[in-house]
Amino acid sequence: MPEVIFTGPAGRLEGRYQPSKEKSAPIAIVLHPHPQFGGTMNNKIVYDLFYMFQKRNFTTLRFNFRGIGRSQGEFDHGTGELSDAAAALDWVQSLHPDSKSCWVAGYSFGSWIGMQLLMRRPEIEGFISIAPQPNTYDFSFLAPCPSSGLIIHGDADKVAPPKDVQGLVDKLHTQKGITITQKTLPGANHFFANDADLLLEECADYLDRRLAGELSDPRPKRLR
């Protein structure tokens, strides 16, 4: 798994990158939790998601947002971090011009950034949003949400209360042309302290079903 340094809007960004052997393989970007609360690309859930995609032959990238690890810059309350994510996707696409589709997965703060990236990039055809925080971050930009995806969270989450996540899911369920799949893990908190393996199983099951053509609207995505 090569360590990589690529150019972001605020300087260098540090990442871990695993290319697929297939030129046209899909791309997956995995986004880490809040930089000011210990979130890095080496978070166990981010690490596990990276390998989940890699095992399914995706070209996969995880990276540190600005100001974390060897990534340059300073925390920018989401605006700069979204620009970092867009730069990361640009970088991978420049190396894999034959790749036609992309997925984005994010955990906590990373899920908020990932959903914003989804709105900007029509080639993103699927998402995994782990423990999003609609009580903390504004998700009103999902109007409408352009792609089908998974929202997964715990029913014992005190950081992102289940009722708030449910409100977000209910809002997305009213939209036509996409399928939002929701999974609620009993007893799981925001950090999935004893439930990381179950979390990964649910994410992998969802991804496998999507790759088999299930759980999404059949309309083709328009490319950039």
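Visitor: What pattern does the protein chain follow, read along the sequence?
Guide: The protein chain of this predicted model runs β-β-β-α-β-α-β-α-β-β-α-β-α. That makes five helices and eight strands. Both are DSSP runs numbered from the N terminus: helices are H or I with at least four residues, strands are E with at least two.

Visitor: What ground rules apply here?
Guide: This is a predicted model, where local features need pLDDT of at least 70, side-chain atom pairs need 80 or more, and totals for chains, interfaces and linings use all residues. Residues are numbered from 1 along each chain as its sequence is written, and side-chain values use heavy atoms, leaving out hydrogens and water.

Visitor: Why is F50 called buried?
Guide: Buried means under 20% relative accessible area, exposed means over 50%, and partly exposed is in between (1.4 Å probe, protein chains only). F50 has 0%, so F50 is buried. Y51 has 23%, so Y51 is partly exposed. Across the protein chain, 54% of the 224 residues count as buried.

Visitor: What makes F50 and Y51 an edge-to-face pair?
Guide: Rings of Phe, Tyr and Trp (its six-membered ring) pair if their centres lie within 6.5 Å; planes under 30 degrees apart are stacked, over 60 edge-to-face, the rest tilted. F50 and Y51 are 5.3 Å apart centre to centre, with 75° between the planes, and are edge-to-face. The whole structure holds 16 aromatic pairs. One aromatic cluster is formed by F6, Y17, F63, F65, F75, W91, F109, W112 and Y137.

Visitor: How do you know whether Q133 is buried or exposed?
Guide: Q133 has a relative accessible area of 7%, so Q133 is buried. Its place is the loop between β6 (124–130) and β7 (148–154). Contact means heavy atoms within 4.5 Å. Leaving aside neighbours within four places in sequence, Q133 contacts S108, F109, F139, V159, A160 and H190.

Visitor: Which class does P26 fall in at 22% relative accessibility?
Guide: P26 counts as partly exposed. P26 sits in the loop between β2 (11–18) and β3 (27–31). Not counting residues up to four places away in sequence, P26 touches N57, F58, T59, S99 and S101.

Visitor: What joins A143 and P144?
Guide: A cis peptide bond, with omega about -5°. P144 lies in the loop between β6 and β7. Most peptide bonds are trans, and most residues other than glycine have a negative phi.

Visitor: Which phi does H77 have?
Guide: H77 has a positive phi of about 60°, although it is not a glycine. H77 is in the loop between β4 (59–63) and α2 (79–95). With a relative accessible area of 60%, H77 is exposed.

Visitor: Where does F192 lie, and why is F192 called buried?
Guide: F192 lies in the loop between β8 (180–185) and α5 (196–211). Its relative accessible area is 1%, so F192 is buried. F192 has a positive phi of about 50° and is not a glycine.
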